[in-house]
Amino acid sequence: MKQLVGIVALIMACTWLYAQDSTEAKPAPKLKLKKSLKQADKKLYNGDIYGAIDVLELVMAAKGDAYKAAWKLAETANLARDYVKAKQWYQYVAEKAVAEYPLAPYYLALMTKMQGDWFEAKKLFLDFAKQYKGEDDRYRRWAKIEAEGCDLAMEMESKPAKVDWMHPGDSINSAYSDVSPIMWNDSTMLFASVPSDTLMVYNPTDSNAVEPFMQFYLAERDSLTFGKARLFKQFSQSGSHVANGVFSPDRQRFYFTVCKETEYGKTKCEIYRSVKDEGEWQEAEPLGVEVNDPMYTSTQPAIGSYKNGSDLLYFVSDRQGGKGGMDIWYSIQSSKGDFQEPKNAGAKINTDRDEASPYFDVATGTLYFSSAGHAGFGGYDVFRSTGQLNKWTDPINMGFPINSSTDDLYYTFHKKTNGGFVVSNRPGVISIKSPTCCDDIFAFQNKKTLDIAVKGNIYDEALPQYPLNGAKVALLLTKYAGLDEDILVSEFTIANNEKYFFDLQPNASYKLVAYKESYLNAMEEFDTKDIKKSDTLSFDFRLKRIIKNKAYTLRNIYYDYNSAELNGPSKTSLDSLYKLMTENPGITVELSSHTDARGSDTYNLELSQQRANNCAAYLVAKGIAKERISAKGYGESDPLEDCTGQKDCADETVDCACHGKNRRTEFKIIGEKNVDILYKD
């Protein structure tokens, strides 16, 4: 029997994972209510949830007006994820004792939704939101979110994703928890389980009892066919549950969860890491106290990639500072290999209910996670959001059949097989008790996909025939799904003359940034909105080496004679410098203005300084920091050409082409510092 508590708070493994045998003596027909309730509580404390249900059902059979027992029976059946039985008793309490149990209508609506009756559930949720008089306003707000989820489910039910969907059967699934599936290699799946086809007998109060522990298993995979699972002891931890395995992007580090029972009878989880050395996995060690805070649970790791190839850890925890319940957090790996103080992944991802089972797709910069707080079809739904750290696009519900009216977690995707896995307790699972008691692994394979990518190379502008090894190119997502700033998706370093390559999403806007120290950055903006069939875009970059104090003339910076005011074409030209400075936030420039030789030296010096000041003011007004611009007027002291000998310039009252060339504005790069334009942690 698998419990919701275990799914969310730990690794889907806790003391309630194993039910005691419920064959001990039943209460006598003449029941004493208080004594029977204590007996049910004791069974729950010992992990015998089904035994508690048996006791409470006997109470209700003997005492039909025992509302406290009816409420406890509804809550216990809900905990066992027997939605039919839970709905029966929530409805009973809602009709008979709603004043004493004002949340009964809310849970009646929830159990109706968990059975896929979205039309009726929506009505019940909205009725509850109007009538609820309790003090906890969260339930009124939650009811409205649940009603939104009912609308979403009814809208999306007729538009399922084009995937082949299957339940692999008992080759990998058992009647207990089967969770956290990933591909160990291209043909083998790794997952965690406590395999059994019968109700296990484990009494935690019996000192001689042997607790069965969740362990890793391997199963060969051929398309949607799976071989018989076999025990994989590589990362086993004596006396502990292990699950939630995930590789680093380079597959040289393996992270997983280890859960142990504490002296207080609770189960606490920590994240461990094993490093591959000379082809062999070394003994796993727990991460530091920054991640594995001794006061809280840390579980369900997912790994992204951060600057200089360091690991970026996402994980689930109940630590302080979250949005409520279990939240997704992130921690950045330092140059020494340890992990820094975790930060919350933000309000786009986390809600005041529970989030679980994150999975990060490095290729597309997409976080897949399950949530009970965003509008969904019922229980936990799988969502996706693109971004990094605490900057994310608006989460998108993955739709049917990935999601159902029950709990759907542990989404993973494997590009080489064009498919992945989901863990769910939807009807059809292998179960011991109710049709939705237990979680199984489901597999899917996309029938039709739209594959979009971008590739290219980076060159030195002066050597366009040779790739510029060591140069980097970054892919950023822009103006998309609630973004208020660009979000880094992925980064590539040119090496061994290889081209960069990024996977793209349809209907999205992107920016490519190519950069290397001592070179000016280059950018390319594009989108995939009109791409209807698989395609690979191509953009090459030719970077310009930074030469300090070299003057570059800003074309079309014109002034009327004897004037410092900028005109329209002049502003357009300055916009190109603004773009350059925006793309290269580490450079500082000198803006220099020059006049022709007409007029006095003093007047021309003042006029050129005012022109330079006006150019600088224009850039500052557009957002360039004034500290990055030095404005200097040179008057007539540095002409490009001597106009005195040219016939058309003889009359000083008439303008000429030579005077026009000298009357110019230039910029020089006078400083450069390293500014990280991609990572904003």
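**Disulfides and a helix pair**

Tutor: Let's start with a bond in this predicted model: cysteine 643 is joined to cysteine 658 by a disulfide, S to S 2.0 Å.

Student: What makes this pair of cysteine 643 and cysteine 658 a disulfide?

Tutor: The cut-off for two cysteine sulfur atoms is within 2.5 Å, and the sulfurs of cysteine 643 and cysteine 658 lie 2.0 Å apart. The link is left-handed, with -90° about the S-S bond. Distant parts of the chain are linked here: cysteine 643 sits in the loop between strand E36 (629–633) and helix H11 (657–662), while cysteine 658 is in helix H11, 15 residues apart. Both cysteine 643 and cysteine 658 are buried.

Student: How do you know whether cysteine 649 and cysteine 656 are buried or exposed?

Tutor: Buried means under 20% relative accessible area. Cysteine 649 has 6%, so it is buried. Cysteine 656 has 7%, so it counts as buried too.

Student: Which cysteine does cysteine 437 pair with?

Tutor: Cysteine 437 is joined to cysteine 438, S to S 2.1 Å. That link is left-handed, with -75° about the S-S bond, and both cysteine 437 and cysteine 438 are buried.

Student: How many disulfides does the structure hold, and what is the pairing?

Tutor: There are 4 disulfides. With the bonded cysteines of the protein chain numbered in sequence order, the pairing reads 1-2, 3-4, 5-8, 6-7.

Student: What makes cysteine 150 and cysteine 615 count as buried?

Tutor: Cysteine 150 has 0% relative accessibility, so it falls under the 20% cut-off and is buried. Cysteine 615 also has 0%, so the conclusion is buried again.

Student: Now the helices. Why are H6 and H7 called roughly antiparallel?

Tutor: The axes of H6 (residues 104–114) and H7 (residues 118–131) cross at roughly 165° and come within 8 Å. Angles over 145 degrees count as roughly antiparallel, and H6 and H7 are therefore roughly antiparallel to each other. H6 passes H7 in a left-handed crossing.

Student: Which residues meet between H6 and H7?

Tutor: From H6, the residues include Pro105, Tyr106, Leu108 and Leu110; from H7, they include Trp118, Leu124, Phe125 and Phe128. By class, the contact has 10 nonpolar, 1 polar and 2 charged residues.

Methods:
Residues numbered from 1 in each chain as written. Predicted model: local features only at pLDDT ≥ 70, side-chain atom pairs only at ≥ 80, totals over all residues. Heavy atoms only, no water. Axes fitted to C-alpha atoms, helices over the stretch in contact; angles between N-to-C directions. Helix = DSSP H or I, 4+ residues; strand = E, 2+ residues; numbered from the N terminus. Parallel < 35°, antiparallel > 145°, perpendicular 65-115°, else oblique. Left-handed = near helix turned anticlockwise from the far one by under 90°. Contact = heavy atoms within 4.5 Å. Nonpolar A, V, L, I, M, F, W, Y, C, P; charged D, E, K, R; others polar. Buried < 20%, exposed > 50% of the residue type's maximum accessible area, 1.4 Å probe, protein only.
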